[in-house]
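Please open the structure in your viewer and keep the selection panel at hand.

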Amino acid sequence: MGPVIRMVFDFTFYYPLFMSYLWMCGGLYYYFHYERRDPPYDQPPPLAEYPPVSILVPCHNEADCIQDTVAALLAIDYPEFEILLIDDGSTDLSPQIMDQLARQDARIRVIHLASNQGKAVGLNTAAMMARYDFFLCVDGDSIVDPHCLRWMMRHHTAGPRVGAVTGNPRIRTRSTLLGRIQVGEFSSIIGLIKRAQRTYGKVFTVSGVMVCFRRAALHSAGYWNPHALTEDIDISWRLQMQHWDVRFEPAALCWILMPETLRGLWRQRLRWSMGGSQVLFGQLGFFRKWQHRRMLPVYIEYFTSVIWAYTMAAMILLWVAGQFTTLPPALTVNSLLPGWNGLVIGTTCLLQFAVSMFLDRKYEKGLGRYYYWMIWYPLAYWMLNVATTLVAIPRVILRGRRRATWKSPDRGLQP
């Protein structure tokens, strides 16, 4: 194997290894520095003040879920809040159900949009009509924990430069192998990464399924971008570019539905990848300003992951080509099996899942029973990430500036 291919091969297999240890170290530091002394998630500490909150719930064809979502919101343990249900051109029974819910409780108001305008437009419309200066944004198919708002508002009341606080989403759909793998993924990848990113300063994205914003921060950032495929990634970057702090609160729990079919998972992850790629291209200008230097670690992290996806694809293509023709020695890939370092990567992967489940054990009992399902994660999800990245980059380049509208997602086999 030629030296260039050897270097690419080493990068392809050692990059996940390096990132895994970086995330584990960052997550453990976050736990011992911020999280360890916190009380149980169902016993939030008292706040010095309790500013009223507007809860924004963007919906498109949520007839099967919206009643459960609203019931959980009404059960939130917080002195004063209102709920704004945003019907974004739904074609099912969502509008009628929302109107009925509003008639049953004075805290609920409904905003009807005549046609599908997209989540960002719905949120912008509701923000203009909201009474209060803090917005809890919740997806129309999620179930929030009753104590989530107290945990999130402790950050807002303690720091005037806190612009957003993202919660800790947990998976409800667990009836298939894909669902069970995602239980571990949300702990070992999403939760661990957010802890690590908070350790080195900035967060790549809030979890759009549940996040609490300060109105003043949204106003300075220009609110949500209608052209963004993933409005949560876009607003996270624009807030932090305006020097607002974005924080992660692991005790603010939210139970969500996730795809349990390969098609649904592909569509979801492709959209996420395209949203990240939009930021990759759209935020290049931050390099010109020294005051944005703290965004550099998360930008490099995502940029390097894209490079990794393309090098992984190149290695696979070279190996496949080598099965049918004789390649020059410098381009020959003898095997995709990494040998002894494959054992190191596999062991590290399982160690990462163990660390993340240790960190999340206080938020979900019995999490350890999903540990052994995670042996499938590197094979299934690494290949999925490679494929979605390869497709996302050219799609984002060719797409241009078009408004992002709703498409009903695959929500798995609902419990």
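Is D105 buried or exposed? D105 is buried, with a relative accessible area of 18%; the cut-off for that class is under 20%. Please note at the outset that the model is a predicted one.

**Stop 1**

R107 is partly exposed, its relative accessible area being 34%. In general, side chains of opposite charge can pair when their charged atoms come close.

**Stop 2: the whole chain**

Now display the protein chain as a cartoon. It contains twelve helices and eight strands. Of the 415 residues in the chain, 56% are buried. Consider next the contacts between residues at least 6 apart in sequence: 84% of them join residues at least 24 apart.

**Stop 3: further salt bridges**

The count of salt bridges comes to 16. Select D38 and R154, whose side chains meet in one of them, at 2.9 Å from N to O. D38 lies in the loop between α1 (3-35) and β1 (53-59), while R154 belongs to helix α5 (residues 148-158), so the pair ties together parts that are 116 residues apart in sequence. D38 counts as buried at 17% relative accessibility, whereas R154 counts as partly exposed at 22%.

Proceed to D133 and R215. Here too there is a salt bridge, with the closest N and O atoms 3.1 Å apart. D133 is placed in the loop between α4 (119-129) and β4 (134-138) and R215 in helix α7 (residues 215-221); the pair therefore ties together parts that are 82 residues apart in sequence. D133 is partly exposed, with a relative accessible area of 48%, and R215 counts as buried at 18% relative accessibility.

To close this stop, select E35, R170, R195, D360 and E364 together. A network of salt bridges links these residues.

**Stop 4: helix α5 and what covers it**

Return to α5, the helix that holds R154. How many of the eleven residues of α5 are buried? Eight are, and the helix is mostly covered. For the selection, the buried residues are C148, L149, R150, W151, M152, M153, H155 and H156.

**Stop 5: the packing of α9 and α10**

Select helix α9 (residues 262-282) together with helix α10 (residues 296-322). The two pack at an angle of about 120°, and their axes are 11 Å apart. This angle makes α9 oblique to α10. Their crossing is left-handed. To view the contact itself, show the side chains of S273, G276, S277, V279 and L280 on α9 and of Y299, Y302, F303 and V306 on α10. Sorted by class, the contact has six nonpolar residues, three polar ones and no charged ones.

**Stop 6: D232 in helix α8**

Select D232, which lies in helix α8 (residues 231-241). D232 is buried, with a relative accessible area of 17%. What does D232 contact, leaving aside its neighbours within four places in sequence? The residues in question are T205, V206, S207 and G208.

**Stop 7: two positive phi angles**

Most residues other than glycine have a negative phi. Select N61, which is not a glycine but has a positive phi of about 55°. N61 is situated in the loop between β1 and α2 (66-74) and is buried, with a relative accessible area of 19%.

H243 is found in the loop between α8 and β8, and at 42% relative accessibility H243 counts as partly exposed.

Technical notes
Residues numbered from 1 in each chain as written. Predicted model: local features only at pLDDT ≥ 70, side-chain atom pairs only at ≥ 80, totals over all residues. Heavy atoms only, no water. Axes fitted to C-alpha atoms, helices over the stretch in contact; angles between N-to-C directions. Helix = DSSP H or I, 4+ residues; strand = E, 2+ residues; numbered from the N terminus. Parallel < 35°, antiparallel > 145°, perpendicular 65-115°, else oblique. Left-handed = near helix turned anticlockwise from the far one by under 90°. Contact = heavy atoms within 4.5 Å. Nonpolar A, V, L, I, M, F, W, Y, C, P; charged D, E, K, R; others polar. Salt bridge = Lys/Arg side-chain N within 4 Å of Asp/Glu carboxyl O. Buried < 20%, exposed > 50% of the residue type's maximum accessible area, 1.4 Å probe, protein only.
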